[in-house]
Amino acid sequence: QVELVESGGGSVQAGGSLTLSCTTSGYLSSRNCMGWFRQAPGKEREAVAAISISDSTRYYSGSVEGRFAISQDNAKNTVYLQMKSLKPEDTAMYYCAADDPAGTGSWYGFGWSFGDWGHGTQVTVSS
């Protein structure tokens with residue numbers, strides 16, 4: 001089981017930017033896909049972005065496409081989520097997740113099954 005540690009959350013005003021980081025305890029290249037999920041109080045968990053590690057194919061939900069960008073740094077075993085033009089509705093706990101190669105993970109998004117995730121980092125956007 002891989003350990004995932006998120007950082008970079010915080011409080012910003014609408015229109016601001018934040019960059020989240022997710023560092024893994026194992027080699028990033030050992031995974032097929034890494035993703036970012038978010039969950040706001042009283043709402044369902046939402047997959048917002050993912051990246052295929054082998055070819056860097058990126059996936060975005062409609063609610064963040066054009067504003068968020070996911071990237072990877074294999075040398076640092078880190079995945080990033082650059083968030084721009086933040087809106088109050090982006091307020092949530094953001095979680096990094098790693099795919100489950102067996103396809104039996106509990107979190108799903110963009111056709112991938114995710115089996116490991118971190119403790120999350122809070123993002124709060126004020127109007």
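Trainee: In this predicted model, which residue of β8 stands opposite alanine 69?
Mentor: Alanine 69 belongs to the uncovered face of β7, together with Ser71 and Asp73. Strand β7 runs antiparallel to β8, and six bridges join the two. Within this pairing, the residue of β8 that stands opposite alanine 69 is glutamine 82.

Trainee: Which residues make up the covered face of β7?
Mentor: In a regular strand the side chains alternate between the two faces of the sheet. In β7, one set of side chains, Ala69, Ser71 and Asp73, lies on the uncovered face. The covered face is made up of Phe68, Ile70 and Gln72.

Trainee: Which residue of β8 is the bridge partner of threonine 19?
Mentor: The strands β3 and β8 pair in the antiparallel sense, and six bridges are found between them. Threonine 19 falls within β3, which covers residues 18–24, and the bridge partner of threonine 19 in β8 is glutamine 82.

Trainee: In what order do the four strands of the open sheet follow one another?
Mentor: The pairing of β3 with β8 is antiparallel, and so is the pairing of β7 with β8. Taken as a whole, the four strands form an open sheet with antiparallel pairing, and their order is β1-β3-β8-β7.

Trainee: Which are the edge strands, each of which pairs on one side only?
Mentor: In the open sheet the order of the strands is β1-β3-β8-β7. The strands that pair on one side only, and so form the edges, are β1 (4–7) and β7.

Trainee: What is the average twist from one strand to the next?
Mentor: The question concerns the open antiparallel sheet of four strands, in the order β1-β3-β8-β7. From one strand of this sheet to the next, the twist averages 15 degrees.

Trainee: Which residue in the turn of the hairpin formed by β7 and β8 has a positive phi?
Mentor: Most residues other than glycine have a negative phi, and most peptide bonds are trans. Four residues separate the two strands of the hairpin, and the one with a positive phi of about 50 degrees is asparagine 77.

Trainee: Is serine 85, which also has a positive phi, buried or partly exposed?
Mentor: Serine 85 is placed in the loop between β8 and β9, and although serine 85 is not a glycine, its phi is positive at about 50 degrees. Because its relative accessible area is 41%, serine 85 counts as partly exposed.

Trainee: How far is the polar atom of the threonine 78 side chain from the backbone oxygen of lysine 76?
Mentor: Threonine 78 is found in β8, which covers residues 78–83, and is buried at 5% relative accessibility. Leaving aside neighbours within four places in sequence, threonine 78 is in contact with several residues, among them Ser21, Cys22 and Thr23, and also Ser71, Gln72 and Asp73. Between the backbone oxygen of lysine 76 and the polar side-chain atom of threonine 78, the distance is 2.8 Å.

Trainee: How many residues apart in sequence are the parts that the pair of cysteine 22 and cysteine 96 ties together?
Mentor: Cysteine 22 and cysteine 96 form a disulfide, with 2.0 Å between their sulfur atoms, and the link is left-handed, at -70 degrees about the S-S bond. Both cysteine 22 and cysteine 96 are buried. Because cysteine 22 lies in strand β3 and cysteine 96 in strand β9, the separation in sequence of the parts they tie together is 74 residues.

Trainee: What is the separation of the C-alpha atoms of glycine 8 and leucine 18?
Mentor: Glycine 8 lies in the loop between β1 and β2 (10–13) and is partly exposed at 34% relative accessibility. Its contacts, apart from neighbours within four places in sequence, are Leu18, Thr19, Leu20 and Thr121. Glycine 8 and leucine 18 are 10 residues apart along the chain, and their C-alpha atoms are separated by 7.0 Å.

Trainee: Which residues form the one aromatic cluster?
Mentor: Across the whole structure, a search finds five aromatic pairs. The residues that form one cluster are Phe37, Tyr95, Trp107, Phe114 and Trp117.

Definitions and conventions
Residues are numbered from 1 along each chain as its sequence is written. This is a predicted model: local features need pLDDT of at least 70, side-chain atom pairs count only at pLDDT 80 or more; totals for chains, interfaces and linings use all residues. Side-chain values use heavy atoms; hydrogens and water are left out. Rings of Phe, Tyr and Trp (its six-membered ring) pair if their centres lie within 6.5 Å; planes under 30 degrees apart count as stacked, over 60 as edge-to-face and the rest as tilted. A disulfide is a pair of cysteine sulfur atoms within 2.5 Å. Buried means under 20% relative accessible area, exposed over 50%, partly exposed in between (1.4 Å probe, protein chains only). A polar contact is a pair of N or O atoms within 3.5 Å; within protein, one must be able to donate a hydrogen and the other to accept it, and residues adjacent in sequence count only if both atoms are side-chain atoms. Contact means heavy atoms within 4.5 Å. Two strands pair if DSSP finds at least two bridges between them. Axes are lines fitted to C-alpha atoms, for helices over the stretch in contact, and angles run from 0 to 180 degrees between N-to-C directions.
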